[in-house]
Amino acid sequence: MVREANVKQATAEKQLKEAQGKIDVLQAEVAALKTLVLSSSPTSPTQEPLPGGKTPFKRGHTRNKSTSSAMSGSHQDLSVIQPIVKDCKEADLSLYNEFRSWKDEPTMDRTCPFLDKIYQEDIFPCLTFSKSELASAVLEAVENNTLSIEPVGLQPIRFVKASAVECGGPKKCALTGQIKSCKHRIKLGDSSNYYYISPFCRYRITSVCNFFTYIRYIQQGLVKQQDVDQMFWEVMQLRKEMSLAKLGYFKEEL
């Protein structure tokens, strides 16, 4: 039994030494792989440029054949080859020049080049609903700054007029005709009717209202803490919100 135990101990020690040797080899291969990746990056090319100053194009990084087995059996630090992404923006010169021209003589006339493009690309699509007649009335109220939005009260509805069917209800959106939970309602100008709207429709309307509110402030000379560039990017942000709204993205109050 003692001899058998000694044999097992000797075998275990031999296997341990072999395992340690394999670990040392893997670590050496990993270090070689890291050196290869760093040396083959665009900042330090390993190949000589072609005649005429051209550099041969290579797809991805070169992998050393002797290190392929090490990659499959060990965890690699891939941060050195992963791209770094950041948010960027660049002004479209056509849009920027149109805005500057409008800013010099601001007007709410929808036929001016600056507003006409926004109407066609953002406002009309954002305020297009299946109930087209009501949708046109909503746009007119937004333009005239006579539209009001208020949350639906918690009190029960005791009386229902005949005309209330056309105005939707707490469970039916007046703009789409769909069965939706309507937490807000709108009122157009001096009309006594309230129209229940879904959260999706409300966000589309408010995104357009926010745009009109800002350009009215510019027209009235109330935006004094921003230069032309800052105003332009604020307008682009408001257009972005309208674009997201018309595509179906919206924020709902919980």
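Which charged end sits over the ring of Trp 233? That of Lys 89, 4.6 Å from the ring centre. The model is predicted. Its protein chain has 7 helices and 3 strands. Of the 254 residues, 26% count as buried.

**Overall layout**

- Along the sequence, the elements of the protein chain run α-α-α-α-α-β-β-β-α-α.
- Take the contacts in the protein chain with a separation of 6 or more: residues 24 or more positions apart account for 66% of them.

**Nonpolar core**

- The largest nonpolar core holds 48 residues.
- Ile 123, Val 138, Leu 175, Ile 205 and Phe 211 touch the most other members of this core.
- Helices α3 (93-104), α4 (113-126), α5 (132-144), α6 (199-219) and α7 (228-246) each supply at least two of its residues.
- Strands β2 (184-188) and β3 (194-197) also supply at least two each.
- The largest share, 10 residues, comes from α6.
- In soluble globular proteins, nonpolar side chains tend to be buried together.
- Phe 211 is buried, with a relative accessible area of 0%.
- Leaving out residues up to four places away in sequence, Phe 211 touches Leu 115, Ile 118, Ile 123, Val 235, Leu 238 and Met 242.

**Strands**

- Strand β1 (residues 147-151) pairs with β2 in the antiparallel sense, over 5 bridges.
- Ile 149 has Ile 186 of β2 as its bridge partner.
- β2 also pairs with β3 in the antiparallel sense, over 4 bridges.
- Here His 184 is bridged to Ile 197 of β3.
- β2 is largely enclosed by the rest of the structure, because 4 of its 5 residues are buried.
- In a regular strand the side chains alternate between the two faces of the sheet.

**Aromatic pairs and cluster**

- The whole structure contains 10 aromatic pairs.
- One of them joins Trp 102 and Phe 114: the ring centres are 5.0 Å apart and the planes meet at 35°, so the pair is tilted.
- Trp 102 belongs to helix α3 and Phe 114 to helix α4, so the pair ties together parts that are 12 residues apart in sequence.
- Both Trp 102 and Phe 114 are buried.
- Phe 211 and Phe 212 have ring centres 5.7 Å apart and planes at 75°, so this pair is edge-to-face.
- Phe 212 counts as buried, at 2% relative accessibility.
- One aromatic cluster is formed by Tyr 96, Phe 99, Trp 102, Phe 114, Phe 232 and Trp 233.
- Trp 233, a member of this cluster, is the residue whose ring lies under the charged end of Lys 89.

**Around Tyr 194**

- Tyr 194 is found in strand β3.
- Is Tyr 194 buried or partly exposed? It is partly exposed, with a relative accessible area of 28%.
- Arg 185 lies over the face of Tyr 194, at 3.9 Å from the ring centre.
- Tyr 194 touches Glu 150, Cys 167, Arg 185, Ile 186 and Lys 187, not counting residues up to four places away in sequence.
- Tyr 194 and Ile 149 are 45 residues apart in sequence. In space they are 9.4 Å apart, C-alpha to C-alpha.

**Cysteines**

- How many disulfides are counted? The count comes to 0.
- Cys 182 is in no disulfide; its nearest cysteine sulfur belongs to Cys 173 and is 5.1 Å away.
- A disulfide here requires sulfur atoms within 2.5 Å.
- A disulfide is a covalent bond between the sulfur atoms of two cysteines.
- Cys 182 counts as buried, at 5% relative accessibility.
- Cys 112 is buried, with a relative accessible area of 14%.

Definitions and conventions
Residues are numbered from 1 along each chain as its sequence is written. This is a predicted model: local features need pLDDT of at least 70, side-chain atom pairs count only at pLDDT 80 or more; totals for chains, interfaces and linings use all residues. Side-chain values use heavy atoms; hydrogens and water are left out. A nonpolar core is a set of buried Ala, Val, Leu, Ile, Met, Phe, Trp, Tyr and Cys residues joined through side-chain atoms within 4.5 Å. Buried means under 20% relative accessible area, exposed over 50%, partly exposed in between (1.4 Å probe, protein chains only). Contact means heavy atoms within 4.5 Å. Two strands pair if DSSP finds at least two bridges between them. Rings of Phe, Tyr and Trp (its six-membered ring) pair if their centres lie within 6.5 Å; planes under 30 degrees apart count as stacked, over 60 as edge-to-face and the rest as tilted. A charge sits over a ring if NZ of Lys or CZ of Arg is within 6 Å of the ring centre and within 35 degrees of the ring normal.
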